[in-house]
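Hi,

Here is the structure I promised to pass on. Have a look at it first, and then read on for what I found.

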Amino acid sequence: IQTESLLYGLSGFMKDLHFKDKYIADLKESRRILKEIFMEESMDRSEWNFFRLRPANFPSIRIAYASALLYEIAYNNLFSAIVRIFEEGNNITKELMGKFNEIKISAYWQNHYNFGKSSKSVTRTIGKERIKDIITNVILPVINYYSVIFEKENLKKRVDYFFRKEKQKSGSNEITRIMEKQLDVKVNSISDEQGLLHLHNFYCIKGKCNECDIGKIVFANEEVHEPLKIILY
């Protein structure tokens, strides 16, 4: 309840929440107590996208999973288990996926997709692709930082190897599909995908072609006076 009230509060889902049931009442009470401890700034619920998503991918379900993940880290030594997988695992991908599939969302969200809206179907966890996203965007950076801070050289090498060698599907999202087409490259690994996303977010859409090694080659012709964005929407 505490982790869920914190995350749903921060995400803006608890503003003007009028549904009445025991779970929501407990959530509001926990939120009231936590607000006296954390002076945080919350998001607006309208910032979350539900359009064209399957219910299992709703932000409300993902937040429920994030809450369960935080709970496992805080109370059941999940972080230590993840570190051991990187240090000792023979098949890091399989072992990580197994560990994250064990994490179950709370009972309320197993038969709800949104507040006050029950469903006959049961959802106990999130999808495989969402788990891969968490491993790529959360677990890898955190474990890498941990290895640097505590000078665990072998752990850092294994994380780096996983990042560069773990296979990733080509065109796994809209941005990488466009970048692959524009640059005539193909994503083969997590590092390839993250590299294209970095180029897109920090150079292409900001028009910083003259600061990008690829852009310098593309626009090397002196007749091009004004750099163009590689990605055009």
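How many salt bridges does the count come to? The count comes to seven salt bridges, and bear in mind that this is a predicted model. I'll go through some of them, then move on to the cores and a couple of helices.

**Salt bridges**

Start with helix α2, which holds both lysine 22 and aspartate 26, four residues apart, or about one turn of the helix. Their side chains meet in a salt bridge, at 2.8 Å from N to O. Lysine 22 counts as exposed because its relative accessibility is 63%, which is over the 50% cut-off. Aspartate 26, with a relative accessible area of 30%, is partly exposed.

Helix α2 has another pair: glutamate 29 and arginine 32 both lie there, three residues apart, again about one turn. The closest N and O atoms of their salt bridge are 2.7 Å apart. Both partners are partly exposed, glutamate 29 with a relative accessible area of 38% and arginine 32 with 43%.

Aspartate 213 counts as exposed at 59% relative accessibility, whereas lysine 216 is partly exposed, with a relative accessible area of 45%.

**The cores**

The largest nonpolar core has 42 residues, and those touching the most other members are Tyr8, Phe86, Leu96, Phe100, Trp109 and Phe115. Two or more residues come from each of α1 (2-10), α2 (22-35), α3, α4, α5, α6 (107-110), α7 and α8. Another core, of six residues, lies apart from it; Met179, Val187, Cys204 and Cys212 are among them.

Which residues is tryptophan 109 in contact with, leaving aside its neighbours within four places in sequence? The contacts of tryptophan 109 are Glu4, Tyr8, Tyr23, Ser60, Ile61, Ala64, Asn114, Phe115 and Thr123. Tyr8 and Phe115 in that list are also named among the residues that touch the most other members of the core.

**Helix α5**

In α5 (residues 92-101), the buried residues are Ile92, Leu96, Met97 and Phe100. They lie on the same side of α5, because they cover an arc of only 125 degrees around the axis. What covers them includes α3 (59-75), α4 (78-88), α7 (128-149) and α8 (153-165). In general, nonpolar side chains tend to be buried together in soluble globular proteins.

**Leucine 197**

One more residue to look at is leucine 197, in helix α10 (residues 190-204). Is leucine 197 buried or exposed? Leucine 197 counts as buried, because its relative accessibility is 18%, under the 20% cut-off. Beyond its neighbours within four places in sequence, leucine 197 is in contact with Asn173, Ile175 and Thr176.

Cheers

Key: Residues numbered from 1 in each chain as written. Predicted model: local features only at pLDDT ≥ 70, side-chain atom pairs only at ≥ 80, totals over all residues. Heavy atoms only, no water. Buried < 20%, exposed > 50% of the residue type's maximum accessible area, 1.4 Å probe, protein only. Contact = heavy atoms within 4.5 Å. Arc of directions from axis to C-beta. Core = buried A, V, L, I, M, F, W, Y, C linked by side-chain atoms within 4.5 Å. Salt bridge = Lys/Arg side-chain N within 4 Å of Asp/Glu carboxyl O.
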